[in-house]
Amino acid sequence: MPTEPRKTGPAKIDLTEQELRDITAYAAACAHRALPIFEQSEPHDPRPREALDAALTFAGGGRRTAVLRNRAWAAFTAAREASTPAAGDAARAASHAAAAAYLHPLADAHQVKHILGAAAHAARAEELALTAPGTLDWARRHAPRAVTDVLARLPGAPSGGGRVGRLIRELDAALRA
């Protein structure tokens with residue numbers, strides 16, 4: 001009796017620790033652009049700033065620790081608790097920045113969201129806050145080589161995800177051009 005083919009996950013890609021650090025620094029820089037939107041709305045909530053600080057510590061040579069992961073989750077919780085949608089997306093940007101340190105070396109379209117999610121959520125926060133847009137253009141112009149090199153090893157950004165998903169796909173296409 002024939003057996004069903006064994007399902008395998010996505011292929012692995014090469015991903016150096018330095019690339020991971022550079023991607024995390026880039027994600028943190030993108031998210032930092034929207035942090036004032038969160039802090040204006042939630043001035044007593046330090047969780048997104050702490051997530052960005054932890055991301056920058058890793059990017060600067062620190063270790064990936066439980067503190068980094070916990071701060072990413074705390075910023076995500078802050079996003080859910082935010083009083084405005086704009087503040088929520090700004091906190092999600094910080095959460096994505098800290099989580100970028102945990103990018104998996106898999107040839108999976110979902111990994112593109114880990115690389116570009118901070119920029120897309122920061123851009124969405126700007127849209128919702130009706131502030132001058134600039135993060136997506138900044139992200140296009142300031143992407144380090146590690147971002148474009150790793151994106152080249154991955155399939156294109158996945159479909160779906162609403163407005164943030166469209167922003168991710170727009171940035172992904174621009175960085176691959």
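A crossing of two helices is called left-handed if the near helix is turned anticlockwise from the far one by less than a right angle, and right-handed if it is turned clockwise. With that in hand, let me turn to the chain, which is a predicted model, where local features need pLDDT of at least 70, side-chain atom pairs count only at pLDDT 80 or more, and totals for chains, interfaces and linings use all residues. Residues are numbered from 1 along each chain as its sequence is written, and side-chain values use heavy atoms, with hydrogens and water left out.

The secondary structure comes to nine helices and zero strands, where helices (H or I, at least four residues) and strands (E, at least two) are DSSP runs numbered from the N terminus. The radius of gyration, taken over C-alpha atoms, is 16 Å, close to the 16 Å that the globule rule (2.2 Å times the number of residues to the power 0.38) gives for 177 residues, so the chain is as compact as a globular protein of that length. Of those 177 residues, 44% count as buried, meaning under 20% relative accessible area, while exposed means over 50% and partly exposed lies in between (1.4 Å probe, protein chains only).

Now to the packing of H1, which covers residues 17-32. Axes here are lines fitted to C-alpha atoms, for helices over the stretch in contact, and angles run from 0 to 180 degrees between N-to-C directions. The axes of H1 and H8 (residues 145-152) come within 8 Å and cross at roughly 115°, and the two helices are therefore roughly perpendicular to each other, since angles under 35 degrees count as roughly parallel, over 145 as roughly antiparallel, 65 to 115 as roughly perpendicular and the rest as oblique. H1 passes H8 in a left-handed crossing, in which Glu19, Asp22, Ile23 and Tyr26 of H1 meet Ala146, Val147, Asp149 and Val150 of H8, contact meaning heavy atoms within 4.5 Å.

And how does H1 lie against H7 (residues 135-142), roughly parallel or roughly antiparallel? Their axes come within 10 Å and cross at roughly 155°, which makes H1 roughly antiparallel to H7. This crossing of H1 and H7 is right-handed, and its contact is made by Tyr26, Ala29 and Cys30 of H1 with Thr135, Trp138, Ala139 and His142 of H7.

Finally, leucine 130 sits in the loop between H6 (110-129) and H7, and its phi is near 60°, a positive value in a residue other than glycine. Most residues other than glycine have a negative phi. Leucine 130 is exposed, with a relative accessible area of 74%.
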